[in-house]
Amino acid sequence: MAAESGKSLKRRDHLLEIEAKARSWWNEADVFRAEPCEKPPQPGEKFFGNFPFPYMNGYLHLGHAFSLSKLEFAVAYHRLRGANVLLPFAFHCTGMPIKASADKLRREIQQFGNPPVFPGPGDAEPEEPKKPEQVDENVSGQPDKFKGKKSKVASKAGGQVFQWEIMRSFGLTDEEIAKFQDPYEWLRFFPPLAMEDLKAFGLGCDWRRSFVTTDINPYFDSFVQWQMRKLYAMGKIVKDVRYTIYSPLDGQPCADHDRASGEGVLPQEYTLIKMEVLRPFPPKFGPLEGKNVFLAAATLRPETMYGQTNAWVLPDGEYGAYEINETDVFVITGRAALNLAYQNFSRIPQKPTCLMELTGHDLIGLPLRSPLSCNEVIYALPMLTILTDKGTGIVTSVPSDAPDDYMALHDLKAKPAFRAKYGVKDEWVMPFEILPIINIPEFGDKAAEKVCIDLKIKSQNEKEKLAEAKRLTYLRGFTEGTMLVGEYAGMKVQEAKPLLRTQLIETGQGIMYSEPEKRVTSRSGDECVVALTDQWYITYGEAEWKKLAEECLSSMNLYSDETRHGFEHTLSWLNQWACSRSFGLGTRIPWDKEFLVESLSDSTIYMAYYTVSHFLHNDDMYGTNKHPIQPSQMTDEVWEFILCGGPYPNSSDIPAAVLDKMKMEFDYWYPFDLRVSGKDLIQNHLTFSIYNHVAIMDKKHWPRGFRCNGHIMLNSEKMSKSTGNFRTLKQAIEEFSADATRFSLADAGDGVDDANFVFETANSAILRLTKEIAWMEEVLAAAESSSLREGAPSTYADRVFENEINIAVKMTEESYSNCMFREALKTGFYDLQTARDEYRFSCGSGGMNRDLVFRFMDVQTRLITPICPHYAEYVWRDLLKKDGLAVKAGWPTAGSPDLKLKAANKYLQESIVLMRKLLQKQLSGPKKGNKKDTAPITATSTDNKLTGLIYVNEMFDEQKSECLKILQSKFDGNTRKFAPDSEILQALQASPLFQGSNVKQFQKQYMPFVRFKKDEAVAIGVQALDLRLPFGEIEVLRENLELIKRQLGLEVVEILSASDPNDKARAGSLASVLEQNAPSPGSPTAIFLTR
């Protein structure tokens, strides 16, 4: 927790007080109100950033805050630099989740009363028409604490969590909960609370432009209808029959945002092979007499059917005999039957008819006639590894090309006891040999047998090895294999496959079958199927449209190669998208009122709506109050004029001045400069946005940038309400304060990999920020008492500190520009504070320079403003007494960083550390067995005071200099790569300086140095190979002699030259130490004497 002691609570509460004060200043100044300038903006003069509006079925949580923080920091940075910025925010309510939750509440009230009395442990529960619903992970509750264990009611109900209980976890009373049977109550309740949380977070938003979606907002409704009509008129919305992920419970397609699990999952198409059960039927199959009965197997490889030796069934698997039409019956799993029923393969559409239930044991030994098989009759045999949640539960066996089939058949043949266990007769197995059907280079015509022998697979239970075997053969078989049998013998497999698939379907020996690639659960709680639906689709993937989308993408700033690859991959596969729904909330399809626009299709260009929404809403997010412009006035002609440069709408009765102002505002702000989102939206929403912009907008209005991030973990664990590892935004602010939360969000990570919000970082931020305030208060008090050094900066420490400030400004500017906020926090806060602390110590009794300290406070405050704006505002106004607001203070000016000075200071600090280690080493004497490293401090006179002699060698010896010259000649500074070691060694041995050395002596004396310098050059660049440092070492050390004395605790320290014989003689009896630890450029040697 943020505060386990009164003191830490006090610090956090101080930050909360500061934040309230800062927000009052912002409100008074209306600082986040965005108004366009009269002239069109030049590059860098305006910045429009936005964020995918969150779904309003609960409270905002830290997952929302993490992605949003990236936008907030970027916009705040551009505001600070003086750009005219726009950051709007809206609330998404379109789709089925809210309606599904409201309906769940209504059903619970109908079943259990109002308020409901849920069943106890021994009570019989009323029958549910569907599977028990689980808690929707996208509904964020606001309880005092989120607990990982099931609630009492959930435990009693056998794991079912009731919607009523979820609503109670929001802190609602029973009386309030009942109102949420009305889905529009959710829209009235959650968006205003989200707005309050975001204001407490410090979001720099122009709230006048906020709105909710769906037809509750007539203005946005008219905008979406215009967009859909425009796409329809362009031929980009069509009605078609296609395979679609479908929720039987909801009675409509289930798109990504309608899913509780399985986002991104697509339909997987198979060929269903009809293996006819030969008569006479066994007695168990009596009810099926007069029907054509088939074991139906789903395969992705119809071209291999020539090699069938048998069919596989799961002995303990649950199957059924399902009517497909008046004459045909398929023996398959119930799950497959449900999918088929929604694909027009059921006697009663969408309702599987099971004539009898069966187990795998009932199927073993059935004689089958299978399409294309070279064997006239094959048999159903047991296989223990079949998964009944994939395919139909019936599997074709082709042991020539499928490693699993090969090993399963091998086991049956080799193990009589196994055959006996399942009643398998020898004649069903033993006569069947592998049939070569495909030749694969390197694997031959029995690929499965060869790869299993190569990998030494002994059993069908060796899953990992079999998976590797499939990996080695399947793709090669498709891309390089050649057919050996059938009418397509001699043809490449990839050419024959579609021909054979078509042949099987057209001859009635197979059918097309589709199911979800993986399990998909709708937000209503049911498992989805693949249905063949007739509905409205947006024609994403159409060739010419796709070219425009690719053109737009090529010019966008995506901030990472991984993000760009994600978009390129999505564009490569994205096809028609179902854009209509019959259940949920939203805008009606204008020309087909039976359907609603689905939630990912009404949110593709709404960023343009922000530019004029304040004319329509003006602080009323629902658009229901009286406004100068009525919803009916926002006709297609008006939207076309404002957003697409259409002709002036002469028929409109909106005043011309208002219309012109709305159009001018759109032209000023558009295109948007940055949209920040989780990377999971690349595969749908963000790519849809590109498609819709290039279809509807002029090229000059195409999006400029997307920045995508990963999900966020809490304390290195997945954020989850079920485990209790969860925080709403409100909870985080109450626990840590807004700025400490923002600080930790910035520190969590910047890439597209999952980031980590660490509570300890937030707690540390509370301490750091409040301690910094206390330090500044002390410094300001000291300044009034004249205890700071006056005058222009003059000392070495002054120059170093001033340079560190300049470096911080430049590096932080670069990090903010690239949306690398963790790095900005490091250079603009952590590193700058380290430099301040080092400066304070370096100044010693002389004191810090007043002008530099005040510049440090000014610069640090500005650099941290985008991340911790409340703190910065307080420092700016209350402590530094500056005019205006910190959020608009301007980016600090800075001189060019002096990298030579930075290197010199790094050398100084590292040398002091080295000296301290050497001092400690000499004070303690040599370790046992180490006779040559150092000698204990020796008295050379009767004076017992300790003296330090620091020896410097600013040039390498002749041999090492030669090594460096050769390394320089063999190094590519652009790639940071050396020539091969053999070439370097040959050049070294050819040098006149090493001609007399034997190989062993040379390698022992110089190769460690060569290897060290190679590694250093690869790490930092060609400067590592310089023959001397870019500054005078003796000069730096002598200028900082007082600091060195203080750090070493010595009164006498001398800086000497190792190349001066007189200086070397000063070492006295410790001259051997100097010889054994000879100084070199960048590495001085210190010895210590008592005199």
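Me: Is arginine 789 buried or exposed, and how would I decide?

Reply: The general idea is to take the relative accessible area of the residue and to call it buried when the value is under 20%. In this model, which is predicted, arginine 789 has a relative accessibility of 19% and therefore counts as buried. As for its setting, arginine 789 sits in the loop between helix 24 (759–784) and helix 25 (796–817).

Me: What does the side chain of arginine 789 make a polar contact with?

Reply: Here one looks for pairs of N or O atoms within 3.5 Å. The side chain of arginine 789 has such a contact with the side chain of aspartate 798, at 2.8 Å, and the arginine 789 side chain also reaches the backbone oxygen of glycine 847, at 3.1 Å. Leaving aside residues up to four places away in sequence, the residues that arginine 789 touches include Tyr839, Cys843, Met848 and Asn849.

Me: Which residues of helix 7 are buried, and what covers them?

Reply: The buried residues of helix 7 include Trp186, Leu187, Phe190, Met195, Leu198 and Phe201, and Glu185 and Asp197 are also among them. The elements that cover these buried residues include helix 2 (62–80), helix 3 (97–112) and helix 22 (729–736).

Me: Why is helix 22 described as largely enclosed?

Reply: One counts how many of its residues are buried, and in helix 22 six of the eight are, so the helix is largely enclosed by the rest of the structure. The buried residues are Leu729, Gln731, Ala732, Ile733, Glu735 and Phe736. Serine 737 follows helix 22, and its phi is positive, near 90 degrees.

Me: How do glutamine 833 and threonine 570 read by the burial test?

Reply: Glutamine 833, which lies in helix 26 (residues 821–843), counts as buried because its relative accessibility is 7%. Not counting residues up to four places away in sequence, glutamine 833 touches Arg768, Glu772 and Gln860. Threonine 570, in helix 17 (residues 561–573), is buried as well, with a relative accessible area of 3%.

Me: How much of the protein is buried, and what share of its contacts joins residues 24 or more positions apart?

Reply: Of the 1091 residues in the protein, 56% are buried. Among contacts with a separation of 6 or more, residues 24 or more positions apart account for 77%. The secondary structure comes to 36 helices and 33 strands, and the C-alpha trace spans about 120 × 85 × 65 Å along its principal axes.

Note on methods
Residues numbered from 1 in each chain as written. Predicted model: local features only at pLDDT ≥ 70, side-chain atom pairs only at ≥ 80, totals over all residues. Heavy atoms only, no water. Helix = DSSP H or I, 4+ residues; strand = E, 2+ residues; numbered from the N terminus. Buried < 20%, exposed > 50% of the residue type's maximum accessible area, 1.4 Å probe, protein only. Contact = heavy atoms within 4.5 Å. Polar contact = N/O pair within 3.5 Å; in protein donor to acceptor, adjacent residues only side chain to side chain.
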